[in-house]
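Reader: I am new to this structure and would like to go through it step by step. Could you show it to me before I ask about its parts?

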Amino acid sequence: MHKHLYRAFLTYFFLSISLLAIAERKQTIEAAALSGQWKGPLKVPGGSLDLVITVVPLTNGTFYAALDVPQQKISRMPVEVQLQGDEVTFRIEQAGSRFTGKLAAGGKQLTGTWQQPGLTTAIVLQHAVASAPMAKRLTRLTPPYREDEIVFPNTVAKLRLSGTLTVPAGPGPFPAVALLSDTGPQDRDAALQEYRMFGMLADFLTRRGIAVLRFDDRGVGKSGGTYASTTTADFVTDAQAAMAFLRSRNLIDPQHIGLIGHGEGANVALLAAAQPQPQAPAFVISLAGYGQPGRDVLVRQQVEIMRLIGADAAQVKAALDLHERMVDIIRQTPNDAQARGKVAGIIRLNNMDIDPTMARARAAQLTSPWSRYFLDFDPTLKLAEVQCPVLVLNGTADLQVGVQNLAILQKGLKNNRDLTARKLTGVNHWFQPPSSEWPLVNGQQQPAFSPKALETMRSWIVARSAKSKATSAAKIRSTLFGSKDTQKISQ
């Protein structure tokens, strides 16, 4: 296999498990120097591509970094960061690309060279901040609802999580939801450049009578804990802690508290729903949920990424064979130190150009608690136990979780008596509609949450809450008047 394809595969395998790019070496300059977005035009034959590299410092002193290329519909492609003095290297192995440069202009520019198969060219990346219209809109307008910064405990994990609770105006009590993010360390807004997925979702629902709790992932923002050592099962305890907090609030209806999960967050929500009452949510909304074993998810995603980078059938087969070998090593070697050594060796054997330190760092991530759990994780074993109402939404333009996962989830939830599944045409993994449908703000298009998805969720939650209240009222009438009187009142 061509070395670029091996690099793309190896990095994608590592990063599709974690979907985050954390700098593996101790940083020698302040995190603030790279924090933010770096934008610049990449000159290619026939034109140019606008590159956006977002770098976010984490509370453990490392970085999360991702590449976006809007013209090619590339979003959150993982980036590895290396720093040596004022020299910066961004490696996008998934695309077989690399940027090497230096901080310049007082830290406002990165000047250097971009390399990818068949192209080597100079490029300047400018340090960018949020556009003025967006910044003003976010900071100056007071929303027509209550908004509080909150902290709540996860007593199981012995840590505290920080977030934002938005509650509709009025006396209440209101139905409420807690939002659960996709894989990778994310803040309470699940921010991607200027697109704040959870912030927009919370604003929409709260304006329409539904309280929303969104919170920083472990080790992100103001939340405690360490993200890298957390498993999917651990995230379930975070979801349960969020619901317990909502039940303690006077303006929240404790009988109508649900979970909305995105990507892996959907798995977390469904696992929480498989728990016995009263720990289980009143309802669940799955956004781009997988509904299949973690190992199968990785295989499907790897085939897709190999296809996108132009691999032929033989190269895809070779990559998947390598994938199976590494997975087997991890699963058959419970000792982490031994597993790391074996995996690092096979990575180096199949890509002699890779830096040994990076190979060891990737092997460490592949054998992390989260990775080991995910490789054996099979949500289908628990889906049959989910009894609460479930809404499943998947987009046809989602390159990470195919729309075919709708059928997989429906099959797994076949025992559920209140299951609704919807396919959203043109919607991507982050539930954005086609860019041509984004709203114009001061003459510029701004990313938006799919209006159809928003309204589908709102109407579904309202309908389930109304149905639950009607059932509760009928039970009360039955208790007070007996079945015959209840029959007359219903008539």
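Reader: Which residue in β19 does Val 392 stand opposite?

Author: This is a predicted model, in which local features need pLDDT of at least 70 and side-chain atom pairs count only at pLDDT 80 or more, while totals for chains, interfaces and linings use all residues. Residues are numbered from 1 along each chain as its sequence is written, and side-chain values use heavy atoms, with hydrogens and water left out. Strand β18 (residues 390-395) and β19 pair in the parallel sense over six bridges, where strands are DSSP runs of E of at least two residues, helices are runs of H or I of at least four, both numbered from the N terminus, and pairing requires at least two DSSP bridges. Within β19, the residue opposite Val 392 is Ala 421.

Reader: In what order do the eight strands of the open sheet stand?

Author: The pairing in this sheet is mixed. Because β10 (145-154) and β19 (419-424) each have a single partner strand, they stand at the edges, and one side of each is left without a neighbour in the sheet. The order is β10-β11-β15-β12-β16-β17-β18-β19.

Reader: How many of the residues of β12 are buried?

Author: Phe 174, Ala 176, Ala 178 and Leu 180 point one way from β12, whereas Pro 175, Val 177 and Leu 179 point the other way, and all are buried, a term that means under 20% relative accessible area with a 1.4 Å probe and protein chains only. The strand β12 is therefore largely enclosed by the rest of the structure, the buried count being seven of the seven.

Reader: Which residue of β16 is the bridge partner of Phe 174?

Author: The strands β12 and β16 run parallel and are joined by six bridges. For Phe 174, the bridge partner in β16 is Ile 252.

Reader: At roughly what angle do the axes of helix α4 and α5 cross?

Author: Axes here are lines fitted to C-alpha atoms, for helices over the stretch in contact, with angles from 0 to 180 degrees between N-to-C directions. The axes of α4 (residues 232-247) and α5 come within 9 Å. The contact, meaning heavy atoms within 4.5 Å, is made by residues including Phe 235 and Val 236 of α4 and Val 268 and Leu 271 of α5. The axes cross at roughly 70°.

Methods:
Buried < 20%, exposed > 50% of the residue type's maximum accessible area, 1.4 Å probe, protein only.
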